[in-house]
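Biologist: Could you take a close look at one part of this model for me, and then tell me how the rest is laid out around it?

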Amino acid sequence: MPPPLFTVESGTSGEEKTTVNLLPCRIHHDGDVNPSDAFWNPTSTEDSAPTVYLRGRKLQGKAVKLPEGYRGLVVEKTDAKADTSSKGEAIDEDIEVIENPNDQLQVGAMQGKAAFDELMIWGHESTSDANVDPYVRGMEEWIAFAEEIHSSQTEPEVSTK
């Protein structure tokens with residue numbers, strides 16, 4: 001089996017639980033943000049969906065649980081590590097194979113920061129319909145597709161004589 005091109009390492013102290021929020025906007029910032037209740041303070045009552053105001057716009061949320069057997073992971077890119085495994089096997093003990101150090105396979109690496117088991121999907125003024133929302137549909141369709149291609153069911157071969 002070839003070495004992996006991408007690795008995800010879990011956090012050293014165990015991942016903390018979090019909730020992922022999908023917002024109907026673009027935020028042009030990719031750095032750290034000091035959390036503040038002045039900017040993000042969702043409220044909910046028993047009879048209504050969670051509500052929050054972001055820059056004066058009302059958003060209503062809908063919690064979507066991940067399917068059984070799946071978990072979400074918030075990751076952060078870490079430094080890539082060069083693959084140190086040999087690309088080929090030694091042909092003979094008398095032959096020394098010198099590999100080009102610039103020809104090493106780069107392995108992408110991610111570090112797990114937090115785990116989640118549900119997504120909060122926010123919509124403008126109302127909650128989004130699960131049948132129309134592209135995130136919910138995409139997640140459901142992708143999981144169904146992944147389960148189909150990774151299933152071990154084999155269909156009997158039909159011979160034509």
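Modeller: Happy to! Let's start with Leu5, which lies in the segment before strand S1 (6–9); strands (E, at least two residues) and helices (H or I, at least four residues) are DSSP runs, numbered from the N terminus. Please keep in mind that this is a predicted model, in which local features need pLDDT of at least 70 and side-chain atom pairs count only at pLDDT 80 or more, while totals for chains, interfaces and linings use all residues. Residues are numbered from 1 along each chain as its sequence is written, and side-chain values use heavy atoms, leaving out hydrogens and water.

Leu5 has 56% relative accessibility and therefore counts as exposed, given that exposed means over 50% relative accessible area, buried under 20%, and partly exposed in between (1.4 Å probe, protein chains only). Together with Phe6, Val8 and Val75, Leu5 makes a nonpolar surface patch of about 370 Å².

Stepping back, the protein has 1 helix and 9 strands, and along the sequence the pattern is β-β-β-β-β-β-β-β-β-α. Of its 161 residues, 19% count as buried. The accessible surface comes to about 13700 Å², with 50% belonging to carbon and sulfur atoms; areas come from the Shrake-Rupley method with a 1.4 Å probe.

Now for the helix. H1 (residues 134–150) has 17 residues and reaches 23 Å from its first C-alpha to its last, close to the 24 Å expected at 1.5 Å a residue, where the expected span is 1.5 Å times one less than the number of residues. Val136, Met139, Ile143 and Ala146 are the buried residues of H1. Seen down the axis, these fall within an arc of 105°, so they line one face of the helix; the arc is that of the directions from the helix axis to the C-beta atoms. An α-helix has 3.6 residues a turn, so residues three or four places apart point the same way. The cover over the buried residues of H1 includes strand S5 (57–65) and strand S9 (118–124), whereas the face turned away carries the exposed Pro134, Glu148 and Ile149.

One last stop is Arg55, in the loop between strand S4 (51–54) and S5. Arg55 has a positive phi of about 55° although it is not a glycine, and is exposed with a relative accessible area of 76%.

Conventions
Patch = residues over 30% accessible without salt bridge, like charges linked within 9 Å, V, L, I, M, F, W, Y side chains within 5 Å. Salt bridge = Lys/Arg side-chain N within 4 Å of Asp/Glu carboxyl O. Contact = heavy atoms within 4.5 Å.
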